[in-house]
Amino acid sequence: VGMKFHAQTPDGVRIMRVVGVSPEGITLDANHEMAGQELHFKVKIAGVREATAEELSHGHPHRAGGCCGGHGHGDGGCGHHHEHEGECDGKGGCGHGH
């Protein structure tokens, strides 16, 4: 109990923790270790700009270097989205499992 390990899942690699052991098997917890805790953030707005048409159509902002932060072409677009349809997941992620 308490042991952590990496497991490959359909959604990518997840860290899992053993929370119970019995003769029938083990019980795993795949929740983030901060799940259920109250978090407080201090933020500073560094700049404001209008969304691009592509960002509006995808429903999330893009960073320079692509939405994976380095897999793109440095143009603020969503990486290889146009070459590989479906990479932007429409929920703020890139569809690469990051």
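**View 1. Overview of the predicted protein chain.** Of the 98 residues that make up the protein chain, 23% count as buried, and the model shown in this and the following views is a predicted one. The protein chain holds one helix and three strands, which, read along the sequence, follow the pattern β-β-β-α.

View 2. Three strands form an open sheet in the order β1-β2-β3, with antiparallel pairing. The edge strands of this sheet are β1 and β3 (25-29), each of which pairs on one side only. On average, and with direction ignored, neighbouring strands of the sheet are turned by 50 degrees against each other.

**View 3. The pairing of β1 with β2.** Strand β1, which covers residues 4-9, pairs with β2 in the antiparallel sense, and the pairing runs over six bridges. The two strands form a hairpin, with two residues lying between β1 and β2. Within this part of the sheet, Phe5 stands opposite Met16, a residue of β2.

**View 4. The pairing of β2 with β3.** Five bridges connect β2 and β3, and here too the sense of the pairing is antiparallel. A hairpin joins β2 to β3, passing through two residues.

**View 5. Val1 and its approach to Val19.** Val1 is found in the segment before β1. Although Val1 and Val19 are 18 residues apart in sequence, their C-alpha atoms are 5.2 Å apart in space. Val1 is classed as exposed because its relative accessible area is 76%, and the cut-off for that class is over 50%.

**View 6. The largest pocket and its lining.** The largest pocket has a volume of about 230 Å³. Its lining consists of Lys4, Arg14, Ile15, Met16, Arg17, Asp29, Ala30, Asn31, His32 and Glu33. Strand β2, residues 12-22, contributes four residues, the largest share of the lining of this pocket. By residue class, the lining of the largest pocket divides into five charged, three nonpolar and two polar residues.

View 7. His58 has its place in helix α1, which covers residues 53-58. The side chain of His58 makes a polar contact with the side chain of His62, at 3.0 Å. With a relative accessible area of 14%, His58 counts as buried, because the limit for that class is under 20%.

Technical notes
Residues are numbered from 1 along each chain as its sequence is written. This is a predicted model: local features need pLDDT of at least 70, side-chain atom pairs count only at pLDDT 80 or more; totals for chains, interfaces and linings use all residues. Side-chain values use heavy atoms; hydrogens and water are left out. Buried means under 20% relative accessible area, exposed over 50%, partly exposed in between (1.4 Å probe, protein chains only). A polar contact is a pair of N or O atoms within 3.5 Å; within protein, one must be able to donate a hydrogen and the other to accept it, and residues adjacent in sequence count only if both atoms are side-chain atoms. On a 1 Å grid over the protein atoms alone, a cavity is a set of points where a 1.4 Å probe fits but cannot get out, and a pocket is an open set with protein on both sides within 12 Å along at least five of seven lines; lining residues have an atom within 4 Å of a point. Grid points are joined across faces, edges and corners, and a volume is the space filled by probe spheres set on the points. Ala, Val, Leu, Ile, Met, Phe, Trp, Tyr, Cys and Pro count as nonpolar, Asp, Glu, Lys and Arg as charged, and the others, Gly among them, as polar. Two strands pair if DSSP finds at least two bridges between them. Axes are lines fitted to C-alpha atoms, for helices over the stretch in contact, and angles run from 0 to 180 degrees between N-to-C directions.
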